[in-house]
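Please look over the sequence and the model below. The paragraphs after them go through a few places one at a time.

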Amino acid sequence: MKPETLAIHAGNLYETNTKDVTAPINLSTTFLRDKDGGYSGGHMYSRVSNPNRTALEKVLANLEKGVDACAFSSGNTAGMTLFQALKPGSHIIAPDDMYWGFKKQLQTIFADTLEIDFVDLTDTENLHNFIKKNTVLIWIETPSNPLLKITDVSAVANIAKQHGLTLACDSTFASPSLQNPITLGADIVMHSSTKYIGGHSDVLGGILITAAHNELWKKIRNIQQIGGAVPSPFDCFLLVRSIKTLPYRMQGHSENGMALAKYLDQHPSVDTVYYPGLSQHPQHEIAKKQMSSFGGMLSILVKGGVEDAVRVVNKVKLFAQATSLGGVESLIEHRASVEGPDTKTPQNLIRISAGLEHIDDLIADIDQALSS
């Protein structure tokens, strides 16, 4: 089935006596045992599994062309679970432009247990130089946050397979509607489901999807079920509900993202636009090859310094100055001030999440902020 159909139907579980078309919210924390001690209803305890979480994991595994999925209480928890599943002393290769929350995890929480190199993964030939005897994982992020770098998933997957390494891809900026890393050779896909998957800035969550039921996946599932950092039934219900409109929302986000990028690329107050849909983007051809559209995320460098960037985000009226992305409302932020004093993000960079408002209104708002 096509993504639009999967998004609507793959999360439906017709298990109740009333045969609900939409899965109801199941708040029970525990489930009845049979006389023989079994669980014919399929669930034992809600930390281990729950009907709403099963529905969420099923639909996202289908959308990402994987065989299974694990849902978590946040995107950070999803990524952290994969890192926890690695043996102490393992070496990870990660991107130099990377979501700061994951980078901070690796540099602090896992600093004493894992060895990490941060590498420019747009240069796949250089990747060979960082692979060591204890390398077990290549973590890529495409498009990247906040510089919108594009990594050639197929090229990195080929290198990973040559060396027997696991390839994991943070595909949050793309969503399952625009990119399926598993079909390009990735072993695991990660999303912050708080973002485009949720799409309404009202639910926190994360997801890992696997291409195979292997030993690493067994460890991940064990950490999920025993550690218990799982989303609530209501959170899962909201996410499944939002996924039904995901393909169509992504069309709107992509159209507005492209229109904003083209407009800002010509604006006299903007020095650089980072958006993979623009032909001058260094990895534009790779993005065309592995994405069905280019999404709603873009970053700009305003002319001047930090004061000029902060002035712009304080002048907008329609864009909400707030952290996060992927909601129906457009968001804008001065990214370096979010990431802290050790950030490598340029001080004049503004990150934009193009929402689903009318593009004329978005352009008018960003224009008055840049021009005033």
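Which residues does Gln-347 touch, not counting residues up to four places away in sequence? They are Val-306, Ala-309, His-334 and Ala-336, where contact means heavy atoms within 4.5 Å. Gln-347 is found in the loop between helix H12 (335-339) and strand S12 (349-353). Helices (H or I, at least four residues) and strands (E, at least two) are DSSP runs, numbered from the N terminus. With a relative accessibility of 41%, Gln-347 counts as partly exposed; buried means under 20% relative accessible area, exposed over 50%, and partly exposed in between (1.4 Å probe, protein chains only). Gln-347 and Glu-307 are 40 residues apart in sequence, and their C-alpha atoms are 8.8 Å apart in space.

Some notes on the source belong here. This is a predicted model, in which local features need pLDDT of at least 70 and side-chain atom pairs count only at pLDDT 80 or more, while totals for chains, interfaces and linings use all residues. Residues are numbered from 1 along each chain as its sequence is written, and side-chain values use heavy atoms, with hydrogens and water left out.

Now to a sheet. It is open, has 7 strands in the order S1-S7-S6-S5-S4-S2-S3, and its pairing is mixed; two strands pair if DSSP finds at least two bridges between them. Strand S1 (68-72) and strand S3 (115-119) stand at the edges with a single partner strand each, so one side of each has no neighbour in the sheet. On average, neighbouring strands of this sheet are turned by 20 degrees against each other, direction ignored. Helix H2 (residues 51-63) packs on the sheet and touches S1 and strand S7 (206-210). The direction of H2 makes about 130 degrees with that of S1; axes are lines fitted to C-alpha atoms, for helices over the stretch in contact, and angles run from 0 to 180 degrees between N-to-C directions. Strand S5 (residues 166-170) and strand S6 (residues 188-191) pair in the parallel sense over 3 bridges, and Ala-168 stands opposite Ile-188 in S6.

Ile-188 is also one of the residues that Thr-210 touches. Thr-210 lies in strand S7. Is Thr-210 buried or exposed? Thr-210 is buried, at a relative accessible area of 2%. Its contacts, not counting residues up to four places away in sequence, also include Gly-66, Val-67, Asp-68 and Trp-217. A polar atom of the Thr-210 side chain lies 2.7 Å from the backbone oxygen of Ala-212.

The aromatic rings come next. A search of the whole structure finds 8 aromatic pairs. Rings of Phe, Tyr and Trp (its six-membered ring) pair if their centres lie within 6.5 Å; planes under 30 degrees apart count as stacked, over 60 as edge-to-face and the rest as tilted. Phe-83 and Trp-139 form a tilted pair, 5.1 Å centre to centre with 50 degrees between the planes. Phe-83 lies in helix H3 (residues 75-84) and Trp-139 in strand S4 (residues 135-141), so this pair ties together parts 56 residues apart in sequence. Phe-83 is buried at 1% relative accessibility, and Trp-139 is buried at 0%. Both belong to one aromatic cluster, which also includes Tyr-99, Trp-100, Phe-102 and Phe-110.

Phe-234 and Phe-237 form a stacked pair, 6.4 Å centre to centre with 15 degrees between the planes. They are 3 residues apart in helix H8 (residues 233-243), which means that about one helical turn separates them.

Methods
A polar contact is a pair of N or O atoms within 3.5 Å; within protein, one must be able to donate a hydrogen and the other to accept it, and residues adjacent in sequence count only if both atoms are side-chain atoms.
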